[in-house]
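Below are some notes on helix packing and charged pairs, as requested. They are set out as numbered points.

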Amino acid sequence: MRKLAAELNANPMSLYHHVPNKEALLRGVAKLVGSRFRTPEGEDRPWQERLRQLAMDFRALAHRHPKLVAHTFSHPDFIQPGDPFWLSLTDTLAAAGVPEREISRVGAALCAVFSGLLLTELNGALQRWATLPPSPDVHGGEDAREVASVDTDTLFRCALDAAIAGVESQTAASAAGRGTGGGNS
């Protein structure tokens with residue numbers, strides 16, 4: 001709060017006339033940053049492209065504000081029902097054919113995957129993990145150098161492909177269950 005007051009050339013105590021505490025200030029900043037998130041255009045595009053664009057836009061926002069995003073991810077309410085990200089995600093899942101009763105569950109799983117992936121990318125863990133040998137017995141050699149050369153863009157796309165395949169699998173299983181009377185045949 002002192003640093004902010006100094007930037008504003010104001011008395012630190014005067015900030016408390018506008019916000020009750022530091023946490024409220026950070027929530028407000030996070031809400032402002034989140035409001036800048038733009039949902040992908042093009043409802044005529046396949047849902048896979050829409051989900052890919054949504055995740056990439058979420059990642060771009062995280063890279064523009066890494067410290068704020070890392071702080072925000074530590075709070076369980078960082079995604080709200082009316083947020084543009086959540087609305088776009090649930091619309092995309094509906095377009096994918098995810099049954100309405102499962103959209104929130106699948107959406108929550110995707111939020112956990114993307115936020116976890118982004119948090120580990122932002123804090124450096126993802127890069128470190130990518131350089132680990134495939135087993136404790138490997139201490140270098142071609143395999144370790146090959147893994148170490150993978151960049152975070154590639155890792156993010158790999159995780160995104162896996163998430164899309166998971167949604168496709170989920171919708172296929174749900175469709176099969178509906179086609180056989182819910183699997184009770």
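1. A salt bridge is taken here as a side-chain nitrogen of Lys or Arg within 4 Å of a carboxyl oxygen of Asp or Glu. The model is predicted, and a search of the whole structure finds 5 salt bridges in it. Asp153 and Arg59 form one of them, with 2.8 Å between the closest N and O atoms. This pair links distant parts of the chain, since Asp153 is in helix α9 (residues 152-179) and Arg59 in helix α3, 94 residues apart.

2. Arg59 also forms a salt bridge with Glu121, where the closest N and O atoms are 2.6 Å apart. Here too distant parts of the chain are linked: Glu121 belongs to helix α6 and Arg59 to helix α3, with a separation of 62 residues. Glu121 and Arg59 are both buried. For Arg59 the relative accessible area is 7%, whereas Asp153 is partly exposed at 32%.

3. A further salt bridge joins the side chains of Arg101 and Glu102, at 3.4 Å from N to O. Arg101 is exposed, with a relative accessible area of 67%, while Glu102 is buried at 10%. Through shared partners, salt bridges join Arg59, Glu121 and Asp153 into one network.

4. On helix packing: helix α3 (residues 47-64) and helix α5 (residues 84-96) pack at an angle of about 160°, and their axes are 9 Å apart. Angles over 145 degrees count as roughly antiparallel, so α3 and α5 are roughly antiparallel to each other. The crossing of α3 past α5 is left-handed. On the α3 side the contact is made by Trp47, Arg50, Leu51, Leu54 and Phe58; α5 contributes Phe85, Ser88, Leu89, Asp91, Thr92, Ala95 and Ala96. By class these are 8 nonpolar, 2 polar and 2 charged residues.

5. How do the axes of α5 and helix α6 (residues 100-123) cross? They come within 10 Å and cross at roughly 120°, which makes α5 oblique to α6. This crossing is right-handed. Phe85, Trp86, Leu89, Thr90, Leu93 and Ala94 of α5 meet Ile103, Ser104, Val106, Gly107, Ala108, Leu110 and Cys111 of α6. The contact of α5 with α6 divides into 10 nonpolar and 3 polar residues, with no charged ones.

6. One backbone item remains. Asn9 is not a glycine, yet it has a positive phi of about 55°. Asn9 is found in the loop between α1 (2-8) and α2 (22-35). With a relative accessible area of 74%, Asn9 is exposed.

Notes. Residues are numbered from 1 along each chain as its sequence is written. This is a predicted model: local features need pLDDT of at least 70, side-chain atom pairs count only at pLDDT 80 or more; totals for chains, interfaces and linings use all residues. Side-chain values use heavy atoms; hydrogens and water are left out. Axes are lines fitted to C-alpha atoms, for helices over the stretch in contact, and angles run from 0 to 180 degrees between N-to-C directions. Helices (H or I, at least four residues) and strands (E, at least two) are DSSP runs, numbered from the N terminus. Angles under 35 degrees count as roughly parallel, over 145 as roughly antiparallel, 65 to 115 as roughly perpendicular and the rest as oblique. A crossing is left-handed if the near helix is turned anticlockwise from the far one by less than a right angle, and right-handed if clockwise. Contact means heavy atoms within 4.5 Å. Ala, Val, Leu, Ile, Met, Phe, Trp, Tyr, Cys and Pro count as nonpolar, Asp, Glu, Lys and Arg as charged, and the others, Gly among them, as polar. Buried means under 20% relative accessible area, exposed over 50%, partly exposed in between (1.4 Å probe, protein chains only).
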